[in-house]
Amino acid sequence: MAQGKEWERKKVVEVLEPLFKLGWNVPKVCEFAGIPRSTVQTWIDNDDELRLKIGTWRGMVTVASTQNVARAIVKEQDVALSQWWLQRMAKDQFG
């Protein structure tokens, strides 16, 4: 891409959103999308709302994964998964 190219911010963010929702970080998202990291980082540094959105998008995988594990433990009473959870989340007692 040519240096100094004007990027239409709204369109770029629409392209990047699903990548952030995979839990990817800024460098990985930008590399995959072919957008200069410096461009996106400048937007993030100067826009609290965008920074918050990206943080939320990146956390979606963690939230969904936690919900899936919790659901399996509670509804399916998965003992092996329960042990795994305790070893990681209650290390002081079960580590």
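**Close-up views of a predicted model**

**View 1. Glutamine 77 is exposed, with a relative accessible area of 63%.** That value counts as exposed because it is over 50%. The model shown here and in the other views is a predicted one. Glutamine 77 sits in the loop between helix 4 and helix 5, and helix 5 covers residues 79–89. The backbone of glutamine 77 has a positive phi of about 50°, although this residue is not a glycine.

**View 2. Helix 4 and helix 5 pack with their axes 8 Å apart.** The angle between helix 4 and helix 5 is about 130°. Helix 4 passes helix 5 in a left-handed crossing. On the side of helix 4, the contact is made by Thr66, Val69, Ala72 and Ile73. On the side of helix 5, the contact is made by Leu81, Ser82, Trp84 and Trp85.

**View 3. Methionine 60 lies in helix 4.** Is methionine 60 buried, exposed or partly exposed? Its relative accessibility is 38%, a value between the cut-offs of 20% and 50%, so methionine 60 counts as partly exposed. The view also includes isoleucine 73, which is 13 residues from methionine 60 along the chain. The C-alpha atoms of methionine 60 and isoleucine 73 are separated by 20 Å.

**View 4. The largest nonpolar core has 17 residues.** The residues with the most contacts inside this core are Leu16, Phe20, Val40 and Trp43. Which elements give two or more residues to the core? They are helix 1 (9–20), helix 2 (26–33), helix 3 (37–45) and helix 4 (48–76). Helix 1 gives the most, with five residues. In soluble globular proteins, nonpolar side chains tend to be buried together.

**View 5. Tryptophan 43 is among the residues with the most contacts inside the core.** Leaving out residues up to four places away in sequence, tryptophan 43 touches Trp7, Arg9, Val12, Val13 and Leu50. One of these partners, valine 12, is the subject of the next view.

**View 6. Valine 12 is found in helix 1.** Is valine 12 buried or exposed? With 7% relative accessibility, valine 12 is under the 20% cut-off, so it counts as buried. If neighbours within four places in sequence are left aside, valine 12 is in contact with Trp7, Ile35 and Trp43. Cysteine 30 is 18 residues from valine 12 along the chain, and the C-alpha atoms of these two residues are separated by 9.9 Å.

**View 7. The axes of helix 1 and helix 4 come within 9 Å.** These two axes cross at roughly 25°. An angle under 35 degrees counts as roughly parallel, so helix 1 and helix 4 are described in that way. The crossing of helix 1 and helix 4 is right-handed. Helix 1 contributes Arg9, Val13, Glu17 and Phe20 to the contact. Helix 4 contributes Leu50, Ile54, Trp57 and Arg58.

**View 8. Helix 1 and helix 2 pack with their axes 10 Å apart.** The angle between helix 1 and helix 2 is about 125°. Helix 1 passes helix 2 in a right-handed crossing. The contact is made by Val15, Leu16, Leu19 and Phe20 of helix 1, together with Val26, Val29, Phe32 and Ala33 of helix 2.

**View 9. The structure holds two aromatic pairs.** The pair shown here joins tryptophan 24 and phenylalanine 32, whose ring centres are 5.3 Å apart. The planes of these rings are at 75°, which is over 60 degrees, so the pair is edge-to-face. Phenylalanine 32 is exposed, with a relative accessible area of 59%.

**View 10. Aspartate 92 lies in helix 6, which covers residues 91–94.** Its relative accessibility is 73%, so aspartate 92 counts as exposed. Asparagine 25 is 67 residues from aspartate 92 along the chain. The C-alpha atoms of aspartate 92 and asparagine 25 are separated by 30 Å.

Definitions and conventions: Residues are numbered from 1 along each chain as its sequence is written. This is a predicted model: local features need pLDDT of at least 70, side-chain atom pairs count only at pLDDT 80 or more; totals for chains, interfaces and linings use all residues. Side-chain values use heavy atoms; hydrogens and water are left out. A nonpolar core is a set of buried Ala, Val, Leu, Ile, Met, Phe, Trp, Tyr and Cys residues joined through side-chain atoms within 4.5 Å. Buried means under 20% relative accessible area, exposed over 50%, partly exposed in between (1.4 Å probe, protein chains only). Helices (H or I, at least four residues) and strands (E, at least two) are DSSP runs, numbered from the N terminus. Contact means heavy atoms within 4.5 Å. Rings of Phe, Tyr and Trp (its six-membered ring) pair if their centres lie within 6.5 Å; planes under 30 degrees apart count as stacked, over 60 as edge-to-face and the rest as tilted. Axes are lines fitted to C-alpha atoms, for helices over the stretch in contact, and angles run from 0 to 180 degrees between N-to-C directions. Angles under 35 degrees count as roughly parallel, over 145 as roughly antiparallel, 65 to 115 as roughly perpendicular and the rest as oblique. A crossing is left-handed if the near helix is turned anticlockwise from the far one by less than a right angle, and right-handed if clockwise.
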